[in-house]
Amino acid sequence: MQDIDNKLITSAIDVARRAYAPYSNFHVGAVLVDTEGKTFVGCNVENLSYGLTICAERSAICTAIAAGSREFTKIVIVTDTKEPASPCGACRQVLAEFNPEMEIILANFHGKSLRFRLSELLPRPAAGILDRP
Ligand code: THU
């Protein structure tokens, strides 16, 4: 694991601590990196209705898009769990909109991390959709 990735993990842990998750008590932090090396953070924001909850990954995407960035190379996602947790299906699809080959680093608060390509977690996200008759 590179030094830079360790820094991204530390920053994702900081943002996870700011998550608003009074219902699940499951705090998620994400740091998205663009092609210029700029970073954008996100955390989960829950709601009394449950269904309106915003995941950390999509929160980071919204922050980045609002800041004018659209080309992403990597996302680091952290949770305070024994095993690093995987992004939900909705977040995988939203990440794939911008780069289906994005690097995904999943980490916990205690130094364990796993590395994937988004295409491994979500194969063929848009196959066939764009060439409909
Ligand atoms: N959560 C995320 O922020 N990202 C995911 O990929 C999975 C789940 C949040 C949503 C909710 O606030 C809590 O984790 C429990 O599902």
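Reader: Hi! How far is an oxygen atom of the ligand from an N or O atom in the side chain of Asn44?
Author: Hi! That distance is 2.9 Å. Keep in mind that this is a predicted model.

Reader: Got it. And what about Glu46, how far is its polar side-chain atom from a ligand oxygen?
Author: For Glu46, a polar side-chain atom lies 2.5 Å from an oxygen atom of the ligand.

Reader: Nice. How much of the ligand does the protein bury?
Author: The protein buries 78% of the 370 Å² that the ligand exposes when taken alone.

Reader: Where does the ligand sit, then?
Author: You'll find the ligand in the largest pocket.

Reader: Which residues are around it?
Author: Around the ligand are Ser24, Phe26, Val28, Asn44, Glu46, Thr53, Cys55, Ala56, Glu57, Pro87 and Cys88. By type, this shell has six nonpolar, three polar and two charged residues.

Reader: Which parts of the protein does the pair of Tyr23 and Tyr50 tie together?
Author: Tyr23 is in the loop between helix H1 (3–17) and strand E1 (28–34), while Tyr50 is in the loop between strand E2 (39–43) and helix H2 (56–66), so the pair ties together parts that are 27 residues apart in sequence.

Note on methods:
Residues are numbered from 1 along each chain as its sequence is written. This is a predicted model: local features need pLDDT of at least 70, side-chain atom pairs count only at pLDDT 80 or more; totals for chains, interfaces and linings use all residues. Side-chain values use heavy atoms; hydrogens and water are left out. A residue is near a molecule or strand if one of its heavy atoms lies within 4 Å of it. A polar contact is a pair of N or O atoms within 3.5 Å; within protein, one must be able to donate a hydrogen and the other to accept it, and residues adjacent in sequence count only if both atoms are side-chain atoms. Accessible areas come from the Shrake-Rupley method with a 1.4 Å probe; for residues, only the protein chains shown count as cover. On a 1 Å grid over the protein atoms alone, a cavity is a set of points where a 1.4 Å probe fits but cannot get out, and a pocket is an open set with protein on both sides within 12 Å along at least five of seven lines; lining residues have an atom within 4 Å of a point. A molecule sits in a cavity or pocket if more than half of its atoms lie within 2 Å of its grid points. Ala, Val, Leu, Ile, Met, Phe, Trp, Tyr, Cys and Pro count as nonpolar, Asp, Glu, Lys and Arg as charged, and the others, Gly among them, as polar. Helices (H or I, at least four residues) and strands (E, at least two) are DSSP runs, numbered from the N terminus.
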